[in-house]
Amino acid sequence: MTIRHFDDLLRQARRQTDPQRLLLVFAGAELPDRATQAQRIAFEAGEGGTLAPLMCVDKAPADLASFEALVEESRRAGPDWSILFTAVLPGPASAADIEAALQRMVEAIKAGNLAAFLPFNLRGEPVALG
């Protein structure tokens, strides 16, 4: 299946017979520690920086109407973000399982290990990072 928008992922998750939890980590760009002048200039121009997790949540696919609704909810709940990292936790999961999976996602993003996640921009479009 080709995912061209977050809503494609949402539809696919809803079609699954096993319960699904969408794991969502909202991240923003920030300047790295000890940034050079060139890095600062690029960052101010909207380029470069490092990704920093800002907040995370899990959702059942049925709990989300659309990407637009998720963006609106996230704006009310927390800081501005620029990239949404997603993963799916299939099957039944306890609150502890979900929390552990979200924490692993946050730590992986901090370490720059992004290959296991599907990132989306503010328009809900998949983003190629790296």
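Select Lys110 and Glu107: their side chains meet in a salt bridge, with N to O at 3.8 Å. The model on screen is a predicted one. Both Lys110 and Glu107 belong to helix 4, which covers residues 95-111, and they sit 3 residues apart, about one turn of the helix. Color the two by accessibility. Lys110 has 54% relative accessibility and counts as exposed, because the cut-off for that class is over 50%. Glu107, at 40%, is partly exposed.

Next, select Arg123 and Glu125. Here too the side chains form a salt bridge, at 3.1 Å from N to O. Arg123 is exposed, with a relative accessible area of 57%, while Glu125 is partly exposed at 31%.

Now go to Asp58 and Arg21. Their side chains meet in a salt bridge at 2.4 Å, N to O. Asp58 is in strand 2 and Arg21 in strand 1, so this pair ties together parts that lie 37 residues apart in sequence. Arg21 is partly exposed, with a relative accessible area of 22%. Side chains of opposite charge can pair when their charged atoms come close. How many salt bridges does the count come to? The count is 7.

Stay with strand 1 and select residues 20-30. Is this strand mostly covered or mostly open? Strand 1 is mostly covered, as 8 of its 11 residues are buried. Strand 2, residues 50-59, runs antiparallel to strand 1 and is joined to it by 9 bridges.

For a contrast in covering, select helix 2, residues 37-44. Of its 8 residues the number buried is 0, so helix 2 lies largely in the open. Just after helix 2, select Gly46, which takes a positive phi of about 90°.

The last stop is Asp8, in helix 1, which spans residues 6-15. Is Asp8 buried or exposed? Asp8 has a relative accessible area of 14%, and therefore counts as buried, the limit being under 20%. Show the backbone of Arg4 as well: the side chain of Asp8 reaches the backbone nitrogen of Arg4 at 2.8 Å.

Definitions and conventions
Residues are numbered from 1 along each chain as its sequence is written. This is a predicted model: local features need pLDDT of at least 70, side-chain atom pairs count only at pLDDT 80 or more; totals for chains, interfaces and linings use all residues. Side-chain values use heavy atoms; hydrogens and water are left out. Helices (H or I, at least four residues) and strands (E, at least two) are DSSP runs, numbered from the N terminus. Buried means under 20% relative accessible area, exposed over 50%, partly exposed in between (1.4 Å probe, protein chains only). A polar contact is a pair of N or O atoms within 3.5 Å; within protein, one must be able to donate a hydrogen and the other to accept it, and residues adjacent in sequence count only if both atoms are side-chain atoms. Two strands pair if DSSP finds at least two bridges between them. A salt bridge is a side-chain nitrogen of Lys or Arg within 4 Å of a carboxyl oxygen of Asp or Glu.
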